[in-house]
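I opened my notebook to jot down what I looked up, one entry per topic. Here is what went in.

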Amino acid sequence: MSSDSNGPSDVADADVAEVADASEIADAASGGETADAETQDSPVEEAAKHTPTDVPLRVEGLVKQFGGVTAVDGATFEVERGSLTGLIGPNGAGKSTTFNCITGVHEPTAGTIHFEGEEITGLEPYQIARKGLVRTFQIARELEEMTVLENLMLAPKGQVGESAIRAVTPGLRGEVVEQEEALRERAWETLDFFEIDHLATEHAGNLSGGQRKLLEMARALMTDPEMVLLDEPLAGVNPTLEEKLLDRIHDLRADGYTFLLVEHDMDVIMENCERVIVMHQGSVLAEGTGDEIRNDERVIEAYLGEDI
Amino acid sequence: MSDSDSRPAAAPDSALGALTDAARRSDLGLVLGTLAVIYAAATLLTATSGLNSVVGLLETLTFLGLVYALSALALNLQWGYTGLFNIGVAGFMAVGVYTMGMVVRSPDPAFGPPGLGLPLPVGILAGTGMAALIGAVAALPALRLKADYLAIVTLGLSEIIRLTLQSSAFDTFLRETIGVGTGGGRGMGMPDNPVRELFLVDGQAGTPTPFGDLVFGIFGDGGLGIAHPILIGWGYIGVLAVVLVGYYLLLERLGRSPFGRVLKAIREDEVVADSLGKNVNLVKIKVFVIGCALMGLAGILWFGSQGNVSPTPQFMPLLTFYVFIAVIIGGSGSNAGSVIGGLVFAAALFEGPRRVGGTVRGLIDAQTPPSFADALVSLDPVTLLAYATENIAPLQFVFLGLVLVFIIHRRPDGVLGDRIETAAAVDLSERPNGGEADE
């Protein structure tokens with residue numbers, strides 16, 4: 001199926017090395033700090049002061065209450081540029097709520113969220129997406145009655161034809177058609193990249209679970225994001241497609257995209273993410289490299305001695 | 001009208017096969033084909049009663065078909081494309097035609113409810129604009145409400161509009177404040193129809209214009225002997241047909257564009273549209289404004305030509321449901337389908353049963369039993385048929401319900417079946433330049 005002969009772990013290792021090359025400075029700065037760290041809060045704050053431009057996403061003191069239930073209780077973390085950061089935690093740790101606060105689905109009760117140096121706390125989801133922070137869904141949400149190509153061509157921002165007047169006025173429609181031709185070409189190239197170009201004219205509703213995940217990622221990329229939030233991208237995907245999806249994520253990260261990956265599967269996170277954030281009971285329990293997390297006593301305790 | 005899609009055509013067996021095949025692949029062909037079937041059936045039904053009956057029935061069916069098609073197109077933008085469940089169609093039509101009437105009518109109260117006395121084009125613009133404005137107001141709850149609740153709100157709004165127009169207190173209030181009236185429950189007379197004035201000087205029967213002379217000379221008294229009102233009716237149908245083409249082209253262009261793509265995305269899953277940076281609320285407001293403006297204009301063209309409008313029964317919610325049935329018949333989301341749905345609804349479900357019933361009743365030589373029970377007890381099929389055709393109007397609703405159930409159950413995509421309505425300004429059916437990685 002895939003043209004490269006690397007197994008998944010080889011690819012992952014190679015890409016981790018690549019990224020280390022690409023963003024040496026960032027890695028050196030934060031890696032050094034977290035290595036010494038005993039508590040997770042102060043080094044994060046330090047890093048925020050020292051490397052603001054290399055931290056596209058910064059979440060500080062995030063609190064979200066639903067009625068009397070506190071789902072997220074003062075979570076603070078950041079995601080470095082060009083990284084593939086994993087966000088894990090047991091069920092009920094507040095991962096999804098954090099995710100929904102970042103993407104604007106929920107309005108945080110307290111705390112701030114900064115993206116690319118700009119505060120995005122409480123903005124509408126579409127405003128956040130326009131700033132280049134785009135998400136996928138845990139259960140792939142395709143626009144089922146639309147074709148795969150239409151799904152992709154929906155996503156890009158700055159489409160002049162989204163103005164009703166431009167779409168219908170004879171003199172202005174030429175520009176719309178021109179842009180559409182370019183978009184169509186880009187959509188085809190993106191489909192090539194995810195190796196689902198043979199599905200281009202299918203209705204998205206006819207796709208399998210794994211193909212939907214690929215389509216969803218392709219659609220997110222069509223928005224030209226700075227950063228992509230992946231909500232359990234591997235849930236319900238068969239092993240062959242899982243490998244393909246991970247390959248694509250690593251390729252894209254090598255191209256400079258930043259990913260925040262929410263997963264409950266420890267192995268996936270440990271094998272693929274060079275930075276891991278562990279949430280527990282609504283706050284960040286630990287933050288660091290895979291090895292640091294593996295040996296962190298609080299994490300082991302939170303996972304009830306589960307072998308990680 | 002453009003080709004709807006580019007499915008490869010099967011090799012046609014004959015010239016007729018080629019013709020029907022071509023017709024099936026183009027929207028214009030489908031519409032004309034539907035009209036041809038309707039016309040043939042109507043002609044057969046009235047052939048024995050003379051040319052005037054035939055042309056008169058065709059005129060009635062075409063007028064109703066066109067006005068339902070216009071309304072269905074407007075609704076299709078909101079419901080078919082965007083999934084906005086607007087059950088207030090009748091209300092927006094009433095706003096359009098009443099505003100037009102109040103702007104154009106003479107300010108002299110001697111002639112009934114006073115108006116502003118402005119020219120007709122101003123009135124038409126004002127009516128369309130007012131419907132758009134009320135549409136924008138109706139859109140505000142649409143931003144927060146899910147489908148069923150939006151339906152209830154729009155239905156309520158439509159009834160509020162109807163009852164307000166019916167209220168004599170509102171009529172008095174308007175007369176005292178801005179000097180125009182609605183006529184309350186009695187309604188108001190509509191301004192003179194300019195199409196009529198094209199044929200007759202000052203709209204007076206018996207004094208034709210040179211153009212009227214020419215037409216009447218060929219088709220009317222001087223030639224085929226068709227009654228003048230029917231000929232004038234056909235003239236108005238010409239206007240409606242031009243507007244219909246305009247609606248169709250406008251909506252096709254809207255649909256086949258990035259704007260149309262966002263509408264489809266909102267219909268499918270607005271959370272996704274939102275997550276991809278689309279301002280869903282703004283788009284919903286736009287759709288309400290455009291759709292309601294088109295409904296208002298359809299209301300003006302429809303009821304403005306009827307001499308007199310009154311809130312009840314013309315703008316009862318039943319009108320809205322009829323328009324919905326037209327969209328459902330044609331298949332929601334398809335503009336060509338909405339046009340065909342309008343034509344088919346008007347001919348086969350709205351006007352047709354009465355005409356067929358009347359004709360069949362005329363052929364049956366039997367007494368009509370006084371009640372359904374009597375008809376049933378007689379166990380005589382002729383008596384039953386006599387009863388059914390005599391009471392076709394109420395039975396029509398039963399028929400309508402059955403057709404609706406059948407279509408939703410068996411043809412959920414409408415009579416045309418599943419149609420590919422591409423939401424892009426370019427062809428998406430195949431890769432341009434073949435592509436390098438085609439498998």
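**Entry 1: strands of chain A**

I began with A:Arg58, which stands opposite A:Glu78 in strand 2 of chain A. Before going on, I noted that this is a predicted model, where local features need pLDDT of at least 70, side-chain atom pairs count only at pLDDT 80 or more, and totals for chains, interfaces and linings use all residues. For the labels, residues are numbered from 1 along each chain as its sequence is written, while chains are lettered from A and ligands numbered from 1 in the order in which they are written.

I checked the terms too: helices (H or I, at least four residues) and strands (E, at least two) are DSSP runs numbered from the N terminus, and two strands pair if DSSP finds at least two bridges between them. Strand 1 (residues 57-66) of chain A pairs with strand 2 of chain A over eight bridges, in the antiparallel sense.

How do the four strands of the open sheet in chain A line up? I found the order 2-1-4-5, with antiparallel pairing. Strand 2 (69-79) and strand 5 (118-119) of chain A are at the edges with a single partner strand each, so one side of each has no neighbour in the sheet.

**Entry 2: strand 9 of chain A**

Next I looked up strand 9 (residues 275-280) of chain A, and five of its six residues are buried. Buried means 20 or more other C-beta atoms within 10 Å of the residue's own, exposed means 12 or fewer, and partly exposed is in between, with C-beta atoms placed from the backbone.

Strand 3 (residues 84-88) of chain A runs parallel to strand 9 of chain A, joined by four bridges. Here A:Gly86 stands opposite A:Val276. Strand 10 (residues 283-288) of chain A pairs with strand 9 of chain A in the antiparallel sense, over five bridges, and A:Val278 stands opposite A:Ala286. The hairpin of strands 9 and 10 of chain A has two residues between the strands, and A:Gln281 takes a positive phi near 50° there.

**Entry 3: the core and chain B**

Then I went for the largest nonpolar core, which has 187 residues. Such a core is a set of buried Ala, Val, Leu, Ile, Met, Phe, Trp, Tyr and Cys residues joined through C-beta atoms within 7 Å. Among the residues with the most contacts inside this core are B:Leu70, B:Met93 and B:Val323. I looked up B:Val323: leaving out residues up to four places away in sequence, B:Val323 touches B:Tyr68, B:Ser71, B:Ala72, B:Leu75 and B:Val89. Touching, or contact, means C-beta atoms, placed from the backbone, within 7 Å.

Is helix 12 (residues 280-303) of chain B enclosed or exposed? I noted that 21 of its 24 residues are buried, so helix 12 of chain B is largely enclosed by the rest of the structure. From first C-alpha to last, helix 12 of chain B reaches 34 Å, close to the 34 Å expected at 1.5 Å a residue (1.5 Å times one less than the number of residues).

B:Pro109 lies in the loop between helix 4 (89-104) and helix 5 (120-142) of chain B. B:Pro109 is exposed, with 12 other C-beta atoms within 10 Å. B:Val180 is 71 residues from B:Pro109 in sequence, yet 8.9 Å away in space, C-alpha to C-alpha.

**Entry 4: where the chains meet**

Last, I checked the contact between the chains: 36 residues come from chain A and 34 residues from chain B. On the side of chain A that touches chain B, helix 8 of chain A gives the largest share, seven residues.

Conventions: Two residues are in contact if their C-beta atoms, placed from the backbone, lie within 7 Å.
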